[in-house]
Amino acid sequence: MVDLSFQIDSFVSILDYLGTIAFAVTGASKAISHKADVFGIIVLATVVGVGGGVIRDVIFGRFPTAFSDPIYVVLTAITGVLMFFLFTKMKKQMNVWLIFDAVGLGVFSILGASIAYQIVGLNFLPMLFGGMITAIGGGILRDVFVREIPIVFVKEVYAIASIIGIVVFYTMLFFAVEIHLASIIGIVVVTGIRLLAMKYNWNLPKVREA
């Protein structure tokens, strides 16, 4: 019998790396738009790429994966350098990276919730927090670093997509669905909602000023 769990784990790991790279691209792009030098570009790319995971691990009492497995920082640093040299050529292809960003959001949401599940069991609030902080923590740090209101608070359906996917993931585990299947479905839900939000410009209601 084929070990499907190993194949799924490998698939999610690949998506995790792609998500890290995609988030690093958004960090590097933000740094470039604020006239940062190459060091600033690498720093912001790394903050966005691994920041959410580091925050999650520290809060849950784990040694950060980004420190124990250097591949993550290596990927973000390489991405920052490539963006420094290729940004003007890649600028027209940013829609492709937005798709990767959506995939990264889905992967990080469910990975964070999965790690919380491994630590505290089937407990909704820790799973929700673990998933969300992994998915949006780096982006919040990015915007704070450049003194902007975090995009998750003001534009498009982003954090809400993460929440819905985590709720789906939790519900499936509650009804004893196998965790690998629940993970894939959760990732698809988050990614799909995010892509639809970008396509149709979905936004949450805001207060209308008189």
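View 1. With a relative accessibility of 6%, Thr134 counts as buried, because buried is the word for residues under 20% relative accessible area. The side chain of Thr134 comes to 2.6 Å from the backbone oxygen of Gly130, and a polar contact of 3.2 Å joins the side chain of Thr134 to that of Arg56.

View 2. The chain has 9 helices and 0 strands, and from the N terminus on its elements run α-α-α-α-α-α-α-α-α. Its radius of gyration is 17 Å, close to the 17 Å that the globule rule gives for 210 residues, and the chain is therefore as compact as a globular protein of that length. Along its principal axes the C-alpha trace spans about 50 × 50 × 30 Å, and buried residues make up 45% of the 210 residues. Among the contacts between residues at least 6 apart in sequence, 75% join residues at least 24 apart. The chain exposes about 11400 Å², and carbon and sulfur atoms supply 70% of this area.

View 3. Side chains of opposite charge can pair when their charged atoms come close. In this model the count comes to 5 salt bridges, and one of them joins Lys30 to Asp143, with the closest N and O atoms 4.0 Å apart. Why does this pair tie together parts that are 113 residues apart in sequence? Lys30 lies in helix 1 (residues 4-33), whereas Asp143 lies in helix 6 (residues 124-145), and therefore the pair ties together parts with that separation in sequence. Asp143 has a relative accessibility of 1% and counts as buried.

View 4. The side chains of Lys30 and Glu148 meet in a salt bridge, at 2.9 Å from N to O. This pair links distant parts of the chain, since Lys30 is in helix 1 and Glu148 is in the loop between helix 6 and helix 7 (151-154), 118 residues apart. Glu148 is partly exposed, with a relative accessible area of 30%. Arg142 forms a salt bridge with Asp143, and the closest N and O atoms of that pair are 2.9 Å apart; both Arg142 and Asp143 are buried. Taken together, Lys30, Arg142, Asp143 and Glu148 are linked in a network of salt bridges.

**View 5. Asp37 in the loop between helix 1 and helix 2.** Asp37 is found in the loop that runs between helix 1 and helix 2 (38-59). Is Asp37 buried or exposed? Asp37 is exposed, with a relative accessible area of 51%, because the word exposed is used for values over 50%. The side chain of Asp37 reaches two backbone nitrogens, that of Phe39 at 3.2 Å and that of Gly40 at 2.8 Å. Asp37 and Phe84 are 47 residues apart along the chain, and their C-alpha atoms are separated by 8.5 Å.

View 6. Arg147 lies in the loop between helix 6 and helix 7, and it has a positive phi of about 60° although it is not a glycine. At 80% relative accessibility, Arg147 counts as exposed. Ala176 lies in the loop between helix 8 and helix 9 (179-200), and its phi is near 65°, again a positive value in a residue other than glycine. Ala176 also counts as exposed, at 68% relative accessibility.

**View 7. Confidence along the chain.** The mean pLDDT of the chain is 88, and 94% of its residues reach 70 or more. Where in the chain is confidence lowest, and where is it highest? Confidence is lowest in helix 1, at a mean of 78, and highest in helix 8 (residues 159-174), at 96. Where pLDDT is low, the predicted coordinates should not be read in detail.

Note on methods. Residues are numbered from 1 along each chain as its sequence is written. Side-chain values use heavy atoms; hydrogens and water are left out. Helices (H or I, at least four residues) and strands (E, at least two) are DSSP runs, numbered from the N terminus. Buried means under 20% relative accessible area, exposed over 50%, partly exposed in between (1.4 Å probe, protein chains only). A polar contact is a pair of N or O atoms within 3.5 Å; within protein, one must be able to donate a hydrogen and the other to accept it, and residues adjacent in sequence count only if both atoms are side-chain atoms. pLDDT is the predictor's confidence in each residue, from 0 to 100. The radius of gyration is taken over C-alpha atoms; the globule rule is 2.2 Å times the number of residues to the power 0.38. Contact means heavy atoms within 4.5 Å. Accessible areas come from the Shrake-Rupley method with a 1.4 Å probe; for residues, only the protein chains shown count as cover.
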